Amino acid sequence: MTPPQTHAPGVDDASASTEAGSRQDRISLIGGLGLGLAMLTIALVVALTGGPSRARDAHAVVSPGGTRTVEVTLADMRITPSTIDVPAGTRLVLHVTNTDAMRHDLVLDSGQHTPLLDAGQSATLDVGIVGARISGWCSVPGHRAAGMTMSIVPTSGATIAAPSAAAMPGMNSTRGTSAAGSSTPAQASPVIDFQATPAAGWHAYDPTLQPAPGATEHRVTFTVRDTLVEVAPGVRQTLWTFNGTAPGPTLHGKVGDLFTITLVNQASMGHGIDFHAGSVSPDQAMRTIAPGQSLTYQFVADHSGAWLYHCSTMPMSLHIANGMFGAVIIDPPDLAPVADELVLIHSELYLGPQDGTADEAKVDAEKPDAIVFNGYVNQYDHAPIRIKAGDRVRVWVVDAGPQRSAAFHVVGTQFDTVFKEGAYLLRPGNAEHGASQVLDLAPAQGGFVEFVLPAAGHYAFIDHAMVDGERGAHGIFEAY
């Protein structure tokens with residue numbers, strides 16, 4: 001086989017480093033405040049002294065007059081309290097504390113925002129006199145869609161118009177500002193031309209499965225980066241990548257091998273990793289690490305299969321959609337050699353603005369712009385995978401999702417071998433003289449098929465969920 005050129009870097013060997021990590025203790029919920037508050041259900045009234053409340057419920061009710069301070073916590077993909085009722089004429093101050101292991105911030109659509117807060121850090125926002133409803137959220141990608149929102153609601157005859165930024169101390173005058181201080185106006189995502197051709201100098205992702213190393217221990221470094229990547233002709237996205245590519249590097253081993261992974265975060269936000277190929281306690285190995293941190297993840301490949309790995313940071317749907325996935329191939333015992341062995345990873349694109357990150361609303365609505373193999377729209381139409389007619393081919397397929405199933409089919413041939421989720425479903429010489437036409441995979445599932453292309457020609461491979469095949473999950477085996 002003559003594979004297309006690759007832009008995927010090799011996997012770096014590195015010594016594992018052990019890092020101690022611990023989660024911040026969760027702030028405990030405060031119970032009832034006495035019989036006089038029972039009728040308020042989950043409401044919490046701030047003390048008339050104007051001192052800070054210790055609000056941990058979903059709803060805080062501020063007493064009128066003067067300046068009132070409300071304690072706000074950021075944790076578990078929630079802002080608490082999520083609703084604050086503020087009477088007319090009352091000045092509101094928020095004391096914001098991040099009690100989570102992940103970094104968070106609080107951004108208000110009235111203009112104020114905290115910086116990104118590490119675990120245990122706090123910041124104060126002087127909202128001023130509340131004259132109109134104010135919405136707030138965490139600006140870390142995916143956190144708003146996951147439920148990190150709040151509302152500040154004026155009550156008791158408050159005016160309709162909100163005070164101007166100039167009239168409210170501590171307010172940033174730029175609306176819709178991120179924690180970094182940059183404006184974030186809504187931008188349209190680019191439109192994919194499925195008939196377009198990549199520019200000169202473009203290279204396809206190499207689908208070749210490299211042979212498993214002879215050693216039984218694999219020591220690998222994965223570096224997480226924000227990487228500007230072309231995902232279709234003329235369409236660029238800033239993906240969160242393992243070692244600079246999406247999919248990340250494919251790991252290949254045998255049953256019983258030990259994998260020691262050093263994860264280094266050089267990106268702009270927190271990330272983690274989860275290897276389905278091993279069984280480990282998630283608490284430490286899959287924890288989110290901040291930019292500049294690293295961790296060691298170790299597992300034994302006790303079972304064969306085509307396994308997914310992906311970012312373990314919530315919301316995982318967004319992190320997978322924005323490029324954080326790859327495959328671990330663990331050969332079943334006595335796997336026979338073949339002439340060509342390939343890996344195709346099926347995934348979805350949810351385009352944000354040109355050069356931006358995946359659109360959270362599209363991910364939440366499960367409305368992808370394209371379905372792809374190995375990260376690029378129709379890439380093996382532009383760079384067909386060359387196979388010698390009559391040679392046996394093995395294609396490993398992993399469905400990274402995050403949402404849609406795959407139906408892998410090769411036009412013009414049949415599969416005489418099917419291995420799915422750790423077991424052979426079909427092998428040559430079966431009593432039924434049967435063959436297969438599709439390898440069907442739910443998100444996170446994997447397996448392989450084997451076949452022989454009977455004669456020279458062009459054999460399309462496709463996701464046979466036809467809408468998905470027609471919007472990017474398509475390629476060509478060129479038999480010679």
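**View 1. Antiparallel pairing of β11 and β12.** In this predicted model, strand β11, which covers residues 217-232, runs antiparallel to β12, and the two are joined over eight bridges. Within this pairing, V229 has Q237 of β12 as its bridge partner.

**View 2. The four-stranded open sheet that holds β11 and β12.** The strands of this open sheet follow the order β12-β11-β14-β16, and their pairing is mixed. Because β12 (235-242) and β16 (294-300) are the edge strands and each has a single partner strand, one side of each is left without a neighbour in the sheet. On average, and with direction ignored, neighbouring strands of the sheet are turned by 25° against each other.

View 3. About 40 Å³ of space lies in the second largest cavity, whose lining consists of Q237, L239, A321, N322, L349, Y350, L351 and A358. By class, six of these lining residues are nonpolar and two are polar, while no charged residues take part. Q237, named here in the lining of the second largest cavity, is also the residue of β12 that forms the bridge with V229.

Key
Residues are numbered from 1 along each chain as its sequence is written. This is a predicted model: local features need pLDDT of at least 70, side-chain atom pairs count only at pLDDT 80 or more; totals for chains, interfaces and linings use all residues. Side-chain values use heavy atoms; hydrogens and water are left out. On a 1 Å grid over the protein atoms alone, a cavity is a set of points where a 1.4 Å probe fits but cannot get out, and a pocket is an open set with protein on both sides within 12 Å along at least five of seven lines; lining residues have an atom within 4 Å of a point. Grid points are joined across faces, edges and corners, and a volume is the space filled by probe spheres set on the points. Ala, Val, Leu, Ile, Met, Phe, Trp, Tyr, Cys and Pro count as nonpolar, Asp, Glu, Lys and Arg as charged, and the others, Gly among them, as polar. Two strands pair if DSSP finds at least two bridges between them. Axes are lines fitted to C-alpha atoms, for helices over the stretch in contact, and angles run from 0 to 180 degrees between N-to-C directions.
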